[in-house]
Amino acid sequence: MRDIVTIETRQTKPFDDQKPGTSGLRKKVPHFQQDNYVENFVQAIFDVAPKEPSKTLILGGDGRYFNREVIGRVIAMAAANDVERIVVGEGGILSTPAASNLIRKRNAFGGIILSASHNPGGPDEDFGIKFNTANGGPAPEGVTGAMFERTKQLTEYRIDPDVTVDIETIGQTNIGDLIVEVVDPVADYAVLMEELFDFDKIRALFASGFTMAFDAMHAVTGPYALEILENRLGAPKGTVRNGVPKEDFGGHHPDPNLVHAKALYDDMMRSDGPDFGAASDGDGDRNLIIGKGIYVSPSDSLAVLAANAAHTKAYAGGLKGIARSMPTSSAADRVAEVMGLPLYETPTGWKFFANLLDEGIVTICGEESAGTGANHVREKDGLWAVLLWLSILASRKESVRDILQSHWRQFGRNYYARHDFEAIDKPVADRFMAELTAMLPQLGGKTAEGFQVRSATDFAYKDPVDGSIAEHQGIRIRFENGSRVVFRLSGTGTEGATLRVYLERFEPGPDGLDRDVEEMLEPLIDAVDALVGYRRAIGRMEPDVVT
Ligand code: G6P
Ligand code: ZN
């Protein structure tokens, strides 16, 4: 038995800023390095999370700066907080979807995932701590709310300071009645992917000369992609780029978009470039998909994957339903309509999909923020999306461009973009949202630049499974011609406020399916600005990022 005297109860003072956002607690590294900052939050997790169905905890992160340090502290605290088994990825590595899978496979009570997703890493960059519950999904609002309340009251935390474990070597360490298992971070995840997809078919695709570039962005998917794409599926060596995880992601943002994955994008636009390009983010849950000469927006990707899912073994029997976050374009809605499937519209945040998946009423989900996933785990899953695309390409034997164009011909095209205005003064952003909300009742019926407002609402969501309600999840302005603009403040930023403006314009076809996105959206931007004056209210004419 563990020597009970090594468990220490240490005094601490509560912090008032430990409210988890869309995906856990995210701050700059120096903020986390304040005395007891990590310990307080971890203690709040242990205090709030019920240790059911077992006292097993899954632990890992995306390998960013401060990852190893916090892994050590969590293990020492878990030893003093009634945890019986910790399953930790070798080197402290676990992608978010791999952690979700392990939580489910090992019947753990939850997992602590250390990541700030696509945000940069390094001594002055971002860090994050996220707790996932026993179903493998991000803690729901009720749990994160309770954690926040707990952080405001904490006066002590428990730790077993003598506990140190070598996490660089696979194997098991028994420390009294605590077992720490260091596991290969890739093994169980790769098995899961082999269960879902027909690897022989994809192997044959690569053997036929099909070429691909996968940019792991020096983040967590490097080892996963090397093992699955190159070792198991036979993609040529070099298919995986930037495959070694680095604490600072090589000085880049591990954000798979056209700004941060520009080198990949440029290669994909060359006529002699690869047939298929993809990338994933810091913790491996997001995906970027690019065909030769054509970018696939996440909203379109969700729609194409849903429409073609039956091409792979896991979904050959059909889908139960499709879910998308509210700001995601309604491209998937058309697919659901044609296929006779239910479509659920949830607030931003993967956690809102969990109940729908648990209940078995939805199979596939997606978000405009480059997240797609399904019922195999309770997180979005970057490599899963890539493998589903590969399965479809292997089966249909057409190019990404051809698949996308035939999709638009069948379902119409939702031209779409998101404009981000970053690091706005928080009071300015809050004031604008409050003014906009107050304006809503007067907007209905108004016209600007030929766009007439059909409805203007503050999005609230009632979970169809547990009846919980989430309010103020974004302002939706819908127009008579099927266009839509959504305003919402990001829940994941670490500096000031980020205003996201989501723009969507529908073209049913057959004409107008091959137009320039920016050109198509410009009149919509002018219309909505004329109606609500957002550019003047926030004092910015141009967005910082367009995705
Ligand atoms: C994370 C969450 C997603 C969310 C995205 C953007 O990746 O897991 O569910 O869509 O952040 O969130 P934000 O609040 O910044 O728009
Ligand atoms: Zn992520």
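This is a predicted model: local features need pLDDT of at least 70, side-chain atom pairs count only at pLDDT 80 or more; totals for chains, interfaces and linings use all residues.

User: Next, the domains. Which residue ranges does the domain assignment give?

Analyst: Read a domain as a range of residues. The assignment gives domain 1 as 4-183, domain 2 as 189-411 and domain 3 as 413-546.

User: How many residues of domain 1 are in contact with domain 3?

Analyst: Take the contact from each side. Nine residues of domain 1 touch four residues of domain 3. On the domain 1 side, strand β2 (residues 25-28) gives the largest share, with three residues. By class, that side of domain 1 has five charged, four polar and no nonpolar residues. The centres of domain 1 and domain 3, taken over C-alpha atoms, are 36 Å apart.

User: Now helix pairs. What is the angle between α4 and α6?

Analyst: For a helix pair, look at the angle, then the distance, then the residues. Helix α4 (residues 96-105) packs on α6 at about 85°, and the axes are 9 Å apart. Angles of 65 to 115 degrees count as roughly perpendicular, so α4 and α6 are roughly perpendicular to each other. From α4 the contact takes P97, A98, N101, L102 and K105, and from α6 it takes D188, Y189 and L192. The classes in this contact of α4 with α6 are five nonpolar, one polar and two charged.

User: Which residues of α6 and α8 meet?

Analyst: In α6 they are Y189, A190 and M193; in α8 they are Y224, E227, I228 and R232. Five of the residues in the contact of α6 with α8 are nonpolar, two are charged and none is polar. Helix α6 spans residues 187-196 and helix α8 spans residues 221-232. They pack at about 45°, with axes 10 Å apart. The two helices, α6 and α8, are therefore oblique to each other. Their crossing is right-handed.

User: How far apart are the axes of α10 and α11?

Analyst: The axes of helix α10 (residues 298-308) and helix α11 (residues 331-339) are 7 Å apart, and the angle is about 20°. The crossing of α10 past α11 is right-handed. The contact uses S299, D300, L302, A303, A306 and A307 of α10 with A331, A332 and V335 of α11. It has seven nonpolar, one polar and one charged residues.

User: Last, the backbone. Where is there a cis peptide bond?

Analyst: To spot a cis bond, check omega. The bond joining E52 and P53 is cis, with omega about 5°. P53 sits in the loop between α2 (37-48) and β3 (56-61). The bond from G509 to P510 is cis too, with omega near 0°. P510 belongs to the loop between β26 (497-507) and α16 (517-532).

User: Is phi of K397 positive or negative?

Analyst: Positive, near 55°, in a residue other than glycine. K397 lies in the loop between α13 (382-396) and α14 (400-411).

Methods:
Residues are numbered from 1 along each chain as its sequence is written. Chains are lettered from A and ligands numbered from 1 in the order in which they are written. Axes are lines fitted to C-alpha atoms, for helices over the stretch in contact, and angles run from 0 to 180 degrees between N-to-C directions. Helices (H or I, at least four residues) and strands (E, at least two) are DSSP runs, numbered from the N terminus. Angles under 35 degrees count as roughly parallel, over 145 as roughly antiparallel, 65 to 115 as roughly perpendicular and the rest as oblique. A crossing is left-handed if the near helix is turned anticlockwise from the far one by less than a right angle, and right-handed if clockwise. Two residues are in contact if their C-beta atoms, placed from the backbone, lie within 7 Å. Ala, Val, Leu, Ile, Met, Phe, Trp, Tyr, Cys and Pro count as nonpolar, Asp, Glu, Lys and Arg as charged, and the others, Gly among them, as polar. Domain bounds come from an automatic or database domain assignment.
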